[in-house]
Amino acid sequence: MTIQSSNNSGNDDVKNVIMPSYFNLPALDISVAFPQATSASTFPPCVSDYFELDDLLTPEEKSIRNKVRDLMEKEIAPIMTEYWEKAKFPFQIIPKIGSLNIAGATIKGYGCPGLSVTASALAAAEIARVDASCSTFFLVHSSLAMLTIALCGSEAQKQKYLPSLAKLQTIACWALTEPDYGSDASALNTTATKVEGGWILDGQKRWIGNSTFADLLVIFARNTTTNQINGYIVKKDVPGLTVTKIENKIGLRIVQNGDIILRKVFVPDEDRIAELNSFQDTNKVLALSRVMVAWQPIGASMGIYDMCHRYLKERKQFGAPLAAFQINQQKLVKMLSNVQAMILVGWRLCKLYESGKMTPGHASLGKSWISLRARETAALGRELLGGNGILADFLVAKAFCDLEPIYTFEGTYDINTLVTGREVTGFASFKPASNRSRM
């Protein structure tokens, strides 16, 4: 590298740097740079069902699981590292996921498959096993936006919107969180004011997945007349709507999270979600969504274990495979035991929901505990892969980062534990003691 003084007048500190030609060479393909182990673009087989929990599933649930697994391993795994690194969304995967016929999974009719909650959860896990960003895109669209219309929309709204959403011909996002209100979402500031023929929305939303390219935005706003939370379907490109991408994330980098600004956005009466009249109606959606989100870290942990299992057998040091060393076996078995327990808790959550017995505390405990165990599993996997544990090419580093936002969204670990704590003790402790009288 040659450095020459600049001739720029009055700026002697500026240097001209002449770089050698090899500085501009592209990075080596990972298979050439590190031939001793296979990268995640060739996804490892699933070997995490040590307790044969497959026996708990129906033939239909196994079929759905296998169909999603096959597509994710063959079609999606080869490209996800590249897009994760670029923080861009691979739009070519949308028709492929649409062909699975799993969007709006538990919804019956309107072009939706009407799957069991367990089958829906398994589909979410299989997507997350390969890529958690992809599963987040899917769950925002399916288990939040579509489910809101299915549970709270009028018949006309269901007929109008659900069929194209089910085919992923149109994409939706779900906008509840605001800059000032995350965990305290029910205190949101965005307003909806009744006018002739519709509503005027004013406010701001943040962290909204899919929002930069969504055709439909499900927006939650406070009715200025009733002071209750209502829902509205906003079309992209409507006057007064601005959406910008949130940059510089370290996790779920493929997910296009956005800041939404609404300045006097008009929504016709027909797009006011008919039966969404309070935050309690929003909680109906979140109850099932939280079950689905609990299966994301299950799927991610399955993928981490599968990757580490293969890597330890392929990678050799000191004349032996890494799998032959006691400390590595101990870590791998700890990861495996986590996966067994996580699946059992997730499966039980599904059954509680299907039987009508699931409480908010159940869902919150499941999501918080599973995401905690997933973080531990990812940390162990990162250790096992050594230097390759910080490369997205070998999945674990990518999953390690992706689990951080999953640990936080749909209720942080701490908030979810407080939901369960309130249920088992009878005392709410979300606010400081001086403020509890206002809860």
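The model is a predicted one, so please read every value below as computed from it.

Let's begin with helix α6, which covers residues 155–166. As a reminder, an α-helix has 3.6 residues a turn, so residues three or four places apart point the same way.

Follow the chain just past the end of α6 and you reach L168, with a positive phi of about 60°. Most residues other than glycine have a negative phi, which makes such a spot worth a look. L168 belongs to the loop between α6 and β5, and L168 is buried, with a relative accessible area of 7%.

L395 is not a glycine either, yet its phi is positive, near 70°. You will find L395 in the loop that links α9 to α10 (396–408). Its relative accessibility is 3%, and because buried means under 20%, L395 counts as buried.

Now to the packing of helices. Two packed helices are described by the angle between their axes and the distance between the axes. Take α8 (residues 326–354) and α9 (residues 360–384): their axes come within 9 Å and cross at roughly 160°. That angle makes the two helices roughly antiparallel. The crossing of α8 with α9 is left-handed, and the residues in their contact comprise 13 nonpolar, seven polar and five charged ones.

Helix α8 also packs against α4 (residues 117–130), and here the axes come within 9 Å and cross at roughly 145°. This time the crossing is right-handed. Which residues of α4 and α8 meet? On the α4 side they are V117, T118 and A121, while α8 contributes W347, C350, K351, Y353 and E354. By type, the residues of this contact are five nonpolar, one polar and two charged.

Key. Residues numbered from 1 in each chain as written. Predicted model: local features only at pLDDT ≥ 70, side-chain atom pairs only at ≥ 80, totals over all residues. Heavy atoms only, no water. Helix = DSSP H or I, 4+ residues; strand = E, 2+ residues; numbered from the N terminus. Expected span 1.5 Å × (residues − 1). Axes fitted to C-alpha atoms, helices over the stretch in contact; angles between N-to-C directions. Parallel < 35°, antiparallel > 145°, perpendicular 65-115°, else oblique. Left-handed = near helix turned anticlockwise from the far one by under 90°. Nonpolar A, V, L, I, M, F, W, Y, C, P; charged D, E, K, R; others polar. Contact = heavy atoms within 4.5 Å. Buried < 20%, exposed > 50% of the residue type's maximum accessible area, 1.4 Å probe, protein only.
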